[in-house]
Every structure is written in C-alpha cells, then in structure tokens.
Amino acid sequence: MLRRGFLALIAFVFFSCGKGTKNEVVVYCTVDQVFSEPILKDFQSKTGITVRPVFDTEETKSTGVMNRLLAEQNNPQCDVFWSGDPVRNIVLKSRGITDAYNAKATRQIPAYFKDSDDHWTGFSARARVLIYNKKLIKKDSLPKGLNDLTLKHFKGRFAIANPLFGTTTFQIAALFTEWGDDKAKQWMSLLKRNAVIIASSNGDVKKRTMTGEILFGLTDTDDAFEAMKESADVDFIFLDQQPESTGTLVMPNALSIIKKSPNQENGKKLMEYLLSKETEAKLAKSCAQMPLIKGTEVPEGIPSLDRIIPMKVNYDETAKVLQEIQPWLKQWLEK
Amino acid sequence: MVRKITLIVHYIISALLAFILGAPLVLLLFNWVINRKEPSFLPDSGLLFLIGSSLLLSTTVAVIATIVGTSCGFLFYKIKSNGFPTYHNILVIPLLISPYIFAVAWRDALYLLFGQYASIYSIWGVIIVHVIIFFPIVMLITGSALSSIHSTLEEAGVVITSFKKTVLRIILPLIKHSITLSFLLVLIFSLTDFSVPAFFGVRTFTTEIFTQFAAFYNYQQAIEQSIILLLVSCSLILLQFRYLAKSPVFAIGQKGSSSKCHELTKGKKWIHSSIAFLIIVTIIFPVFILIYQSLSGSHSYFIEALVSLKGAIGKSFFLAFCGALLITAVAMFTSYAELRSDIRLPGAMLLFLFVTPSTVLGIAYIYFYNTSATAFVYASPIVIILGYAARFSFIAHKIIGNGLKQIPLSMEESGELVGINTYKRYTKLLIPLLTPSLVTTFLLSFILCLNELGTTIMVYPPGTELMPLKVYTISANAPVALTSTMTLVNLIVILLAILIFYYFGKRIKTRFHYD
C-alpha cells in the first residue's frame, strides 16, 4: 500500500511538473510584481496565450532574473525581458543575448527612448524624485537640485539607496556622463562628507522618509506614489527643474526579445501589447508611470513628461559609463 | 556474496547521487578553471581582511547562539518545570521565519518602541538578528543530545559530587560533540547569509560575492570568491571533522536508555523571567510588529493576502513534501552507506553542497540541467526539488546517521542469518527502528524546503508560484500591511502543516510501538 502510494506520488510529480502549453510566452520581469502581474494577466485573458512569468525580488537585489538570463544564454528559456530600466537590456545586448525587433507599436515611442539597433524599446517611464516628510520639512526649504544635497544643514538627514544597485546606480552614471568624472566624483565625496545615509533599497528610502527617520531621500516616482498612498505625511518633488538645470533623470521600462527564444512569435505579440497606449495608461494608473506615447490617458495628479524638464541622457553611453564607474562606486561605498 | 552485491548497489547509487546532485557544481568549477584569466588564486589583502572580519562576526554569533541555545537545551530537556515544554515549542518559531523578514520586523519594532533604529544598522544588528534566528538550532541539537545521556551516568555523578560539578564534569563533556557541531553549523549559516548583512548595510564576504553577481554580473569573480568561502567553510568543518563524523546531531529516542530529568527547585523566578525575556525579544517583538503592521493598512489585507497566496500554498506544500521525502531518502542512503559499507563520498559531497552559496548552486544547476536532453528537469519543478536536496541533505544525513548508530549491527546480522531478505530487513527492522529519526528529518527538511529562497529564485520554472517567492517578489512595492499579512499567513500555514505532520508522526510512532 505504502509502496504503491509512493510510486503514485513520484509519477504525479513527473507528470504534473512537465505540464506546459505550447501557446505560451515566458517573460522575465524586474518590474515590481504588484504592478506588472495584472498587466500580464490582462494580456493572457485577451489573447489566450499563457504567460509564464519569472519575477525578481528586492531581497536578492534582483540577481535572479539577470543571472538566469546570463546562465541560460546557450539554451534560452525566456522570450521577453521586461526591465525597469534600459541598463540591464544594454548589458544583455552587449553580451549577445537579445535580438533586434522593431515592433509596429514602436513607431509611437519617441526615438530617444529606443535602441538604435532595436535591441530594446522603452515605454512608460519613471523619474528620479526627492521624497520628503511634510511634517519635518517645508517644501520651500527642500533642496532644489542634486547639488543642494551637499549643503551643511542637511547633514545626516537624507538618504540614497545603495549606489551599486538599481536606479540609483543609473542616476549616478547619468551624472558622470553629464558632469564628467571630476565633477561627479567631487559631488559624491561631498555627499559622503555630508553624512548621506545609504539605505538598502529605494523602498528603504521610502520607508525611512515615511517614518520620519530622515527629512528626504532620492527614490523613483512609483515608490513615491506608493508612499503617498500609505502616508499623508509624504510628498515628492522633481529636482533640477530650473531652466538652466540638468533636469531630472527619466528611466523608461525597457523590453527586449531574447535571441533564439522558444516562443518568439508570442513574445513579439506580448511586446506589441506592452508597447501600447492601453498598457501605458494602466501603468500610469497603478504606479504613476509617465506614458511615452502622446495622447495616452493619464489620471489626474500623475506627472507628465510635458511638464517636467528631463535630463538629456544617452542611455547606451550611460550604461557604458555605469559599468566603468562601478569599481569606483564600490570603493566610495566602502570608504 | 550478498554483501558484495550490496556494496555494488551502494556504489551505483552513490555514483548516481554524485551525478545528479554534485556534478553540476563540479562542471561549474571546471568551467571556472578553464576560463580563468588570472593565474593567481590568492585573495588580496582587502579581501583577506574582509574574510577575517566576516569570520569574527560569525564566530561572535556562533558563540552567543551556542551559549544561549545550550542553556535553553539544558533547561528544557533536563529540568522539569511547568511551562518548559511550551517555552520550548515557542522558541522554535524563529526557525520558521526568514532572516530577512526577521530583520525588517526587528528594525520596525525598535522604531515603534524607541522612535529610532539607527543603532541596528551595524554589526550589532546583524549579530542580534543572527543569534535570534540560529540559537534554536543549537537548542534542538544540544537538547536532543542531552536527552540521550543515560541516567545512570548522572546519578553516579550526583551521588559522589555536587550537581554543578556533575554538569561541568559529566554532562557537558558528554555532549561536547553536539555543542561543537551546533557551533559550526551556526557559524556557517551566519557566514553564508546574505540577506541580513545586506539589509543592515554591513559588508561581509558573502555580500561581496552577491555584489559581484548582482552589480557587476561578474561570474568568474563571484565564483572565485565563492570558492574561497567554500574553502573557508570546509576547512572549518574539516578541522572538526572527527566531531562531525562521530557526533550525534539529534539523538532521537532513547533506544532502551532513559535520561534523568531534574526538578527545578532554586531560582524559579529568575529562570522563568529570563526565558520570558528571551521569548519577548525573539518572538513577541517581531510577531507583534507583523500583526501591528498588517492591521495598519487602510483596510484589512487578510483576504487579499490569502487570495494572493492561494495558488502558492498548495504547490509550496507539495514541493516541500517531495523535497523532504527526497532528502530523507538520500540521507537514509548516504548515512547507511557510510556506516555500513564505509562509502564516505556521498556524505562528503553533501557537506560540500551544504556550504556552497545558494546563488552559485542555482547557477550550477542552470548550466547543468538547461540542455535539450535534460529539459524535463529544468523546465519542471524537479529542479527545485533537486535544489532542496542539495542544500539540506547534509543536515538530514547527520540526523539519520546518528539514529542509525544507535541500532546495533548485530540486529541486522541476526536477521540476515535467519534468512530474512534485504527488502524485509529494511522495511520490517531498520525503518521501524529509525522511524523517530526519519520523522524528525522529514519535518525539519519540510520546514527548510518551505522557506528556501536563494536557490529556488534562480531555478524556478516560469509561472511557478511558491510562498516564499510570492512574499518576497511582492514585498518590493506592496503596502507594508500587505507584506506583513502575507508573512503572517505564511507563518500560520507552516505552523498548521507542522501540527498535521506532528500528529501523523505520533501515530506512526504509536503504530510501530516505538515507546
């Protein structure tokens, strides 16, 4: 009896494990599951194509998805890579993992947010913002630009996330590209001298601001909007919005098709769907992402690219600089 | 003749195990060797300093956890007093909560109490959280060893000398192997943990390895550093190998002997207050903060958390169940082969896999199983189950090995002499005698599998939903109330599962008339 039960269990494991439909698409996603999953489910119910996602986690610093893509290079399992910023896509492109694909929907996206070789296409963007605690500091006392973070009266009262990971690295790399090495390094040194608090993640910056541990911190618009939903004490501003300033960093989501992936056709369908006004409108509603396609419906209060001064970034060059400055950033962090 | 056949079978199964579980890692190391550009393997002074400071941190954790855990083990297993069994069960709870969730909860608890938590962002924060998480392991290991000390040894001691001297001169020396083993296990767990030091912003050797993976995508460097970590962990264990090889991990059951329990006469108030303090610090604080946060949302997230976890609960249970079964079977074989046929390679391989960082293990499994020939493994949850087995079989190997040591070889030999075949000797003699060890191994493995994240996140098939994955992937930007509620639901579900298994375990024990 026991033996039969055990054999039945083993058979069940083998047969239940292998189930998978052919009409499917595999997507690896670094965008927060809470926002990306509903969109993928909508695609599934609309097209009948089963979406099999792999999400990442903040705890492991998003090592999962990127390292999987790199390790699976010889036998790809993923069809579409949906990243929260284009840097990872650019790294994958440089390692020959992505394929060129010029989606029809891409035409609606401004050229500035696309790879010149079609290896990635941007959509719905986030921006780097300054989140602050209204109870602790008035809006007119806040820094107006990144340079103001080095002012003495903010010493030890603000935070940035670990600059080796995520969008913080991207922001710093953009500054290195815009300002040049010397100025950017000097600014980073002054930040350190001003006792900047290094939080474990953007979410941690958000939490510390909400609890009032810090006056303000740098984070992304989606984190800031989530914080505002959770606490009435929190608000955010865009930095460097004066006419002569550098502007704020805007980071689009980025999609890539994986080379030799098993379900390329379905992957392309998913890309077309994600690069639509409909998806951009959903992301604007759920996490305040700024649509890149003109004329997309946006709820009230959601920032628009037309109303902010964006930093002029060459994403390819920034990604290259990012990889170059990382050893220096690591040293800066360890000092 | 029969023995020769048995030996051959053991060698074949050992080779199969080595191929399925160990070969991926060997292949990864081989790839690393042939792709290496740097001829030198020696770490620079900065890295050596980091290894030293990480070892110091983990040693501090291990020392404190060993002292606290052994004291608790002694109290709960050797002293009779009202409430002690309940205290024991409560203090096991930290094992069921992931270190990362624990760190977050503890920080938030501090903020709620003192209005600031800057002080926890330090080495001390890591030490405190690690001690809280890992001391129950010491408590279980040393406690079980204490319960297997034959009463006559203690009684003889008490007759000729004081109780204090009996403890110091008889009891502690008798369980020194278990203490050493617990110390080493905690040291390795602490040394290889990434989540807590990363959260508290403390740089350790393991966070350095993860930085190579996550920030630089530098496999070569990451694997090189992992090898150093592996060598450090292995050499620590090898130093004490004779303890590991001979010491009991869990002495389950007394097999005819009985252990002496003492009445608590002096210092009742003081001891109970100390335990109460420990429970407040280790359980009440974090669980309270999780409940508080789960209720702090704009609405109740309980239904949302349940709906979100609905699909994951069944699958997590099923995979953890299969994982625990496989681990128990593997450990049963490896310990038997080691003790009865003197085949030590599988045990050594399990030790090697146990100390390998989870990300490295995940990458090794991707390289090895992500081929067209082995797609049925990689594209299915079988790869998760193999990951579980690779990570936790060593602990199971030690538990069952100890159970096996308590069964005299003569019993099997007598069975063989009277003509009982091998299958019946196993099923009618060995397995019933090993039942308590097998049940404990299964339960512990089940808990470990249910909470495993490091390797699972690297290899889980697309579309698979598992409880720890769901809690972590959703925690990035979900409201704190939802994340806390999901963690609580996770905890409740695990506790319920343990209660169910405990009930069946007891029934099995009764069925085999073990007592």
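Predicted model: local features only at pLDDT ≥ 70, side-chain atom pairs only at ≥ 80, totals over all residues.
Biologist: Over how many bridges does β5(A) pair with strand β8 of chain A?
Modeller: Strand β8 comprises residues 216-220 of chain A, and its pairing with β5(A) is antiparallel. One position of β8(A) is Asp220(A), which faces Arg128(A). The number of bridges between β5(A) and β8(A) is 5.

Biologist: Which residue of β10(A) is the bridge partner of Ala127(A)?
Modeller: β5(A) also pairs with strand β10 (residues 250-258) of chain A, in the antiparallel sense and over 6 bridges. In β10(A), the partner of Ala127(A) is Val250(A).

Biologist: Why is strand β5 of chain A described as largely enclosed by the rest of the structure?
Modeller: A residue counts as buried when 20 or more other C-beta atoms lie within 10 Å of its own. Strand β5 covers residues 121-133 of chain A, and it is largely enclosed because its buried residues number 13 of the 13.

Biologist: Where does the chain pass between β1(A) and β2(A), and what is the hand of the crossover?
Modeller: Strand β1 (residues 24-29) of chain A runs parallel to β2(A), joined to it by 6 bridges. Glu24(A) has Thr50(A) of β2(A) opposite, and β2(A) is mostly covered, with 5 of its 6 residues buried. The path from β1(A) to β2(A) goes through α2(A), and this β-α-β crossover is right-handed.

Biologist: Is helix α4 of chain A mostly covered or mostly uncovered, and which residue that follows has a positive phi?
Modeller: Helix α4 (residues 86-94) of chain A is mostly covered, as 8 of its 9 residues are buried. The buried residues include Arg88(A), Asn89(A) and Lys93(A), together with Val87(A), Ile90(A), Val91(A) and Leu92(A). With phi near 70 degrees, the residue that follows α4(A) is Gly96(A).

Biologist: Which element gives the most to the side of chain A that touches chain B?
Modeller: The contact draws 44 residues from chain A and 41 residues from chain B. Elements of chain A that give two or more residues to this side include α1 (2-17), α2 (33-47), β2 (50-55) and α11 (315-334). The residues on the side of chain A divide into 15 nonpolar, 15 polar and 14 charged. The element that gives the most, with 7 residues, is α3(A).

Biologist: Why is chain B called as compact as a globular protein of its length, and what is its radius of gyration?
Modeller: Chain B has 23 helices and 2 strands. For 515 residues the globule rule gives 24 Å, and chain B is close to that value, so it is as compact as a globular protein of that length; its radius of gyration is 23 Å.

Biologist: What percentage of the residues of chain B count as buried?
Modeller: The C-alpha trace of chain B spans about 65 × 60 × 50 Å along its principal axes. Of the contacts in chain B with a separation of 6 or more, 84% are between residues 24 or more positions apart. Among the 515 residues of chain B, the buried share is 49%.

Biologist: How many residues has the largest nonpolar core?
Modeller: Val27(A), Val80(A), Ile131(A) and Val186(B) have the most contacts inside this core. Beyond four places in sequence, Val186(B) touches residues including Val61(B), Ala65(B), Phe134(B) and Ile137(B). The number of residues in the largest nonpolar core is 241.

Key. Residues numbered from 1 in each chain as written. Chains lettered and ligands numbered in written order. Core = buried A, V, L, I, M, F, W, Y, C linked by C-beta atoms within 7 Å. Buried ≥ 20, exposed ≤ 12 C-beta atoms within 10 Å, placed from the backbone. Contact = placed C-beta atoms within 7 Å. Helix = DSSP H or I, 4+ residues; strand = E, 2+ residues; numbered from the N terminus. Nonpolar A, V, L, I, M, F, W, Y, C, P; charged D, E, K, R; others polar. Pairing = 2+ DSSP bridges. Rg over C-alpha atoms; globule rule 2.2 N^0.38 Å. Right-handed = clockwise from strand over helix to strand, strands pointing away.
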